[in-house]
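User: I would like to go through the terms used for this model one at a time, setting each value against its definition.

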Amino acid sequence: MFMSTKKHANLTPSLIEYCFNHPSQVVFETTEKCNLACRYCTFRELYSHKHARGLDRLISMDINTADILLDYYLNLWKHKNYSQKEVYVSFYGGEPLMNFGLIKHVVEKIVKQENELHIIPIFSMTTNATLLERNLEFFVNHKFRLLISLDGDFEGNSLRVFGNNKANSFSSVFNTALKIKKEFPDYYKENVSFNAVLHNKNGLDKLILFFEKELEKEPLFSPISDIEINENFKEEFESMQISFQQATQEATEECAQKLWDKYMHNNPYVTQLTSHIFNNSGNVYKDLNSLMLGESIKEGAFPSGTCLPFTKKVFLTARGLILPCERISHNNCLGRIENNHLEISFEQIANIYNGYYKKLSSQCVRCDYKQACLHCVFQDDQFRESGKCISFSTNKKVEELYKQILLSHPSIYQRIMNETVIK
Ligand code: SF4
Ligand code: SF4
């Protein structure tokens, strides 16, 4: 393994502006409201909500707010030489279907102007699917890529309950999935995927078996978030939470093998190893924009695992705030829709990021994780304020781990090189 001694680069306002104007994904948080009350939901009592909006004051996005950002991009997308060819237009919540009117408005506005656009819009939505059936044809007709949240069979899904009567949402979601599979088999095959959260009610074996057998799908899965846990609910969190490592240890040999094979792109060890290999290669770019922007945007040139602003997506919250993704709190907003205008200062954003880089760089440059860091400055208040990272390591254990992985799974390197698409 080889080490880089490169110091961090400086983020410029023009680079940020370029990324903002050429996003691969624009996401509308159609509403903060949800008809479910999943026990592990990051918007609920399990989390500390230091900057939160509270559960009783949730709002939905109004059409005017959506239109301001949408019109901004529609204008750009009409430029002949626009370089981004496919753009995901996505809907997120709360449960996005609780504001279906906004989804319909945005989609129909884009479709109406499609002939003038120099992009291919791809519509997508993350949903709990309990309200999907009533407008199913709309989503099928617009070839929506659907990511449905379901934690497995009835027992596995028992933490995903309705807000009004606390009943398990399993039957509603499962029946809708079966209906799509039966009535629109090609659409189902191409466009529907599932995301499951790992916890004490499911486990990898049961989860994988359920999805493969009952729904003929390979699910995505992830553990319950452990960021900003509410101290008063720590016990409940600990009783529910299962780390990926623990889930793997508890899995049968056959299932554990699948994590290095069929499900390798869902395996956090493989994700980290992939970053490490690509960042050390010096010639892998995440997308066409990165290649065109050259050295400055390469992963690893900037301290920590924080992505460069707007390289993953532009996320518009129901309150009109602009964020680099849905996983960070509102106090990290980088712009906003206010007084019927888009207000964003690329210079200010550059100053914010460069300030963090300055604070973090002396630590990150010495850290074993620096080529494969997944630690985002916006997800850790303490880290951001103090510049002290709890994951900092110089004991070379990470490199040892990579070596062990490569030795015990010799085909993994070839597969990473041949198959990986970084998201
Ligand atoms: S969590 Fe941080 S690194 Fe990840 S997409 Fe969001 S802003 Fe980027
Ligand atoms: S783990 Fe922490 S110290 Fe190490 S590179 Fe990532 S952010 Fe920097």
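User: Why does Lys179 count as partly exposed?

Analyst: This is a predicted model, in which local features need pLDDT of at least 70 and side-chain atom pairs count only at pLDDT 80 or more, while totals for chains, interfaces and linings use all residues. Residues are numbered from 1 along each chain as its sequence is written, chains are lettered from A and ligands numbered from 1 in the order in which they are written, and side-chain values use heavy atoms, with hydrogens and water left out. Buried means under 20% relative accessible area and exposed over 50%, with partly exposed in between (1.4 Å probe, protein chains only). Lys179 has 26% relative accessibility, so it counts as partly exposed.

User: What makes the contact between Lys179 and Glu133 a salt bridge?

Analyst: The term requires a side-chain nitrogen of Lys or Arg within 4 Å of a carboxyl oxygen of Asp or Glu. For Lys179 and Glu133 the closest N and O atoms are 3.6 Å apart, and the pair forms a salt bridge. This pair links distant parts of the chain, since Lys179 belongs to helix α5 (residues 170-183) and Glu133 to the loop between β3 and α4, 46 residues apart; helices (H or I, at least four residues) and strands (E, at least two) are DSSP runs, numbered from the N terminus. Lys179 also forms a salt bridge with Glu183, at 3.5 Å between the closest N and O atoms, and these two residues both lie in helix α5, four residues apart, about one turn of the helix.

User: How do you know that the salt bridge between Glu32 and Arg319 ties together separate parts of the sequence?

Analyst: The closest N and O atoms of Glu32 and Arg319 are 2.5 Å apart, and the two form a salt bridge. Glu32 lies in the loop between β1 (25-29) and α2 (63-77), and Arg319 in the loop between β7 (314-316) and β8 (321-323), so the pair ties together parts that are 287 residues apart in sequence. Glu32, at 2% relative accessibility, counts as buried, whereas Arg319, at 34%, is partly exposed.

User: Why is strand β3 described as largely enclosed?

Analyst: Six of the eight residues of β3 (residues 120-127) are buried, so the strand is largely enclosed by the rest of the structure.

User: What makes β2 and β3 a pair?

Analyst: Two strands pair if DSSP finds at least two bridges between them; β2 (residues 86-92) and β3 have six, in the parallel sense, with Glu86 opposite Ile120 in β3.
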